[in-house]
Amino acid sequence: MAEYLNCDNESFFTEVDSYYVDKSETLAILNNSLNKRDRYICLTRPRRFGKSLNAKMINAYYSKGCDSKDQFSKLKIANEPSYKKELNKHNVISLDIVKMIGRNHGTEGILEYITNQVISELEQTFPNCFSNKKDLFSALSEIHSKTGEKFIVIIDEWDGIFRDHSHDEKLEIAYVDFLRTMFKGNDSDRVIELAYITGILPIKRYNTQSALNNFTEYTVLSSGDFAPFYGFTEDEVKIICKEHDLDFNETKRWYDGYVLGGLHMYNPNSIMQLIKFKEHKSYWGNTASFENVSDLISMNFEGLKDDIFMMLDGSKIPLRNTLGFNVSLSSIKTKDDAMTYLTHLGYLAYTEGRVYVPNEEVRLILKNAVEDCHFDEYLNLIKDSQEILEKTYEGDGDYVAECIRKYHSKYSSVIKYNSEETLSYVVQNAYLACIENYYKPVREMQSGEGFADIVYIPKREADRNIPALVIELKWNKDAQTALDQIKDKNYTESLEDYCGNIILVGINYDKATKEHSCLIEQMKKSS
């Protein structure tokens, strides 16, 4: 049975038979790219976002090695005009780089191994059609010259060498040269109908040029037309929750947060595990990238550590330059590089120029990464924040104001000290313990006649005696004005589904004197 050339459809339809959210419409996009200028496609997403399953689907649809008519006729692609024209009509070479490294027992000689394995199967299908058995693309080119046959090439986990073997620069260069020979130049256009490579990290660049600049890249930063087809959309998750009697709001809190092409996308693996175990918890587990994340945080590029602290509390941090990161950890030179890397891995999400921790599942994993770095500072921050929270419950505004003054001095640079955005970050840091105490933070929450600056809403599993917090920040005014605004604009209306006590917190910063003030009131939401 073929493993690399014109494989059968068993691996795809075995998974479809268990439970499948139909993503087959992505094939219509690929059909429109066959033999076109945009035939070279690189699609990257965080781990377990359905990349490998879709790669299997693409093989099952195009491969001459199987008959998939009965199965695909039940899927959405069957409604597309191009469906029958391309179904099982193509020569497909399908490679999984990580699996092939495993079969080769490491990376030594891996390119020769890939070449030998594929050429061995080409010899069986196209006997006496090529003489060069040391160069894969030369073999494909000869076959095309003699038979007119073209090829679709699918490479899953294309970046496995860069992710797991980034120390071997010589191998990286050889691998990129291998791909460049396959996919660049007029000869490639003549032989390759479609090239589809998928992984976690974007294509490596040399200097400012992509090593494969004829590929169109679809990433978490720029997802394009493929956005709905990798991950579960919110509408799909609502249907799943209804079918399996799962609380959608709790599911959203745990697994929502990635926004691609304007759509809220959920990690399919997490949702499938939720279906199986009926328990909302983190299903990521430790991965090969986890150690890299801990190391990266330890490096603390330009204060990355402090930004991680704030993002764990729900803050969104500006990401100004996503172009500096270049595939491997060794290429990271700035904080923006580091945050871009974490975004590609899925530990952060990106939208509207800012990065943030996407959801509760990832927050727990990232928190473990921080703790693995042995950051006593983080643990002390939690401890101090717990005291601030207790003093807020007690209504001690002077204590809270003094703590915020200390935080403001410690966690903001001289240049950024006098900014409203910095004050917001400082207050969020001060109330970091809210996340550890079953609160959900909401920034700029629409309520009443405006937007409350920061609202901490008790989560469902919290003790019902825990009060909600509504915090209003003022600049060069006074704390009483902040409190009055909460009341006058009825910001507590946002908590209409919450039946416990509500604490109002007004905080002011005076730019001229650099003094902080805080007033705290407790109120009972009217029934």
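Predicted model: local features only at pLDDT ≥ 70, side-chain atom pairs only at ≥ 80, totals over all residues.
Biologist: Does G500 count as buried or exposed?
Modeller: Buried means under 20% relative accessible area, exposed over 50%, and partly exposed in between, with a 1.4 Å probe and protein chains only. The relative accessibility of G500 is 9%, so this glycine counts as buried.

Biologist: What distance separates the C-alpha atoms of G500 and N465?
Modeller: Along the chain, G500 and N465 are 35 residues apart.

Biologist: What share of the contacts in the protein chain with a separation of 6 or more comes from residues 24 or more positions apart?
Modeller: The protein chain has 23 helices and 18 strands, and 57% of its 527 residues count as buried. Contact means heavy atoms within 4.5 Å. Among contacts with a separation of 6 or more, residues 24 or more positions apart account for 70%.

Biologist: Are helix 16 and helix 17 parallel or oblique to each other?
Modeller: Two packed helices are described by the angle between their axes and the distance between the axes. Axes are lines fitted to C-alpha atoms, for helices over the stretch in contact, and angles run from 0 to 180 degrees between N-to-C directions; under 35 degrees counts as roughly parallel, over 145 as roughly antiparallel, 65 to 115 as roughly perpendicular and the rest as oblique. The axes of helix 16 (residues 304–312) and helix 17 (residues 335–345) come within 10 Å and cross at roughly 45°. Helix 16 and helix 17 are therefore oblique.

Biologist: How many charged residues does the contact of helix 16 with helix 17 have?
Modeller: L304, D307, I308 and M311 in helix 16 meet K335, A338, M339 and L342 in helix 17. Ala, Val, Leu, Ile, Met, Phe, Trp, Tyr, Cys and Pro count as nonpolar, Asp, Glu, Lys and Arg as charged, and the others, Gly among them, as polar. By class, this contact has six nonpolar residues, no polar ones and, among the charged, two.

Biologist: Which residues does T343 touch, not counting those up to four places away in sequence?
Modeller: T343 also has its place in helix 17, and at 2% relative accessibility it counts as buried. With residues up to four places away in sequence not counted, T343 touches P46, V220, L221, L348, A349, Y350 and V355.

Biologist: How do the residues of the contact of helix 7 with helix 10 divide, and what is the number of nonpolar residues?
Modeller: Helix 7 (residues 110–125) and helix 10 (residues 169–183) pack at an angle of about 30°, with their axes 10 Å apart. That angle makes helix 7 roughly parallel to helix 10. I110, L111, I114 and T115 in helix 7 meet L171, A174, Y175 and F178 in helix 10. The contact of helix 7 with helix 10 has no charged residue, one polar residue and, as the nonpolar count, seven.

Biologist: Is the ring pair of F277 and Y283 stacked or edge-to-face?
Modeller: Rings of Phe, Tyr and Trp (its six-membered ring) pair if their centres lie within 6.5 Å; planes under 30 degrees apart count as stacked, over 60 as edge-to-face and the rest as tilted. By this rule the count comes to 24 aromatic pairs. In one of them, F277 and Y283 have ring centres 6.2 Å apart and planes at 20°, so the pair is stacked.

Biologist: Which residue has its charged end over the ring of F277?
Modeller: F277 is partly exposed at a relative accessible area of 43%, whereas Y283 is buried at 9%. A charge sits over a ring if NZ of Lys or CZ of Arg is within 6 Å of the ring centre and within 35 degrees of the ring normal. The charged end that sits over F277, 5.7 Å from the ring centre, belongs to K281.

Biologist: What value is phi of K278 near?
Modeller: K278 lies in the loop between helix 14 (268–277) and helix 15 (288–299), and at 46% relative accessibility it counts as partly exposed. Its phi is positive in a residue other than glycine, near 55°.

Methods:
Residues numbered from 1 in each chain as written. Heavy atoms only, no water. Helix = DSSP H or I, 4+ residues; strand = E, 2+ residues; numbered from the N terminus.
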